[in-house]
Amino acid sequence: MRPREGGREGGPGCRPPQRPPPPSPRAPPRASPHPGGGARSRSLGLAPAPSGPSRSLGLARHPPALAPALTGPRVRARARKRARAGRRAERRAPPLPRGPRPRWAERGALSPGMPRGEGFNTKMADGLDEYEKEAGCVPILHPEEIKPQSHYNLGYNESLGRKTHVDDYSAWDIVKATQYGIYERCRELVEAGYDVRQPDKENVTLLHWAAINNRIDLVKYYISKGAIVDQLGGDLNSTPLHWATRQGHLSMVVQLMKYGADPSLIDGEGCSCIHLAAQFGHTSIVAYLIAKGQDVDMMDQNGMTPLMWAAYRTHSVDPTRLLLTFNVSVNLGDKYHKNTALHWAVLAGNTTVISLLLDAGANVDAQNIKAIPKCHMVL
């Protein structure tokens, strides 16, 4: 084939002229091909079509095609359908269990039967144990533990104002009714002769279950029926005020103290309420207890102050910052290891609290009973 003028064989000059396809009758109007765009491009806020050198370089003359809208009627309909399905599932779901952490969770396992070596924070826990062993700084106390095999390990902090999968409460025992806050069922059983002071098989009273689940109306009712405010119960011989403090229920703490609960009583681990509030990070309860006269430097049975517990357990600004505002003794050592709050913060790798303590004038050269200064503990 002989090449035509103006192009070689196979080049642009050999292409037969093509007519542009007729516009589709249902197609939306195109943007204007002229520089400056058209009415559609201006109404959509598009940039004007490139002109001059951009056309000679083969760049697109027209604005890019609009992506499919993400908020079209079909997308919105599907989203509404998913939202309705989620709300229906939430109404059908039982209330979420709440309560103190079981023993298998404290050792880093994911389930009661799982050994420590398979937990999610095993490496961190093992490294901390090895570090404590070298420094001679093993803590004396641990958080409260309730037997994981007990069905009473579950607290129920969700209200049953609407019906769930269980519609009939008439067969519930008084412990379960107290946990879920079924006031009418509890009153029915008490009026039938149930002794509100009687502990269950786990040595836990009704007042304990009402306190840990923040059932203020039941607490008032049980006390009016003769319940003892500071009755000991549970594995650690704790009072209802201890249980409410551990869960962070400030309203329940206030209510129990109005009825005469003593926050200075210690539980089976030797902790009073201000120590529990500090180590579990319940800043509002710490502030309330201090306002009610609790000493910020109060030592528990093992010589730990609230500041030491906050430095060791709580990796946040508060309640450490709150305690420092009350002129707490920063360089005070505990009874057994002579560790200061800064020792405990370094041991736990609590960088947030370390900064706060250093700003408050903590002594970095203080030594514990093993004559280990804080800088050596870091190394």
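The end C-alpha atoms of residues 202-234 sit 6 Å apart, and this span is 48% helix and 0% strand (helices are DSSP runs of H or I, at least four residues, and strands runs of E, at least two, numbered from the N terminus). Residues 337-369 have their end C-alpha atoms 5 Å apart, with 52% helix and 0% strand. The model is predicted, with local features needing pLDDT of at least 70 and side-chain atom pairs pLDDT 80 or more, while totals for chains, interfaces and linings use all residues. Residues are numbered from 1 along each chain as its sequence is written, and side-chain values use heavy atoms, leaving out hydrogens and water.

Now for the charges. The count of salt bridges (a side-chain nitrogen of Lys or Arg within 4 Å of a carboxyl oxygen of Asp or Glu) comes to six. One of them joins E269 to R246, with the closest N and O atoms 3.6 Å apart. This pair links distant parts of the chain, 23 residues apart: E269 is in the loop between α11 (250-258) and α12 (273-279), R246 in helix α10 (residues 240-247). E269 counts as buried at 15% relative accessibility, and R246 is buried at 6% (buried is under 20% relative accessible area, exposed over 50%, partly exposed in between, with a 1.4 Å probe and protein chains only). R246, D267 and E269 form a salt-bridge network.

R187 pairs with E184 at 2.7 Å, both in helix α7 (residues 183-191) and three residues apart, about one turn. R187 is partly exposed, at 33%.
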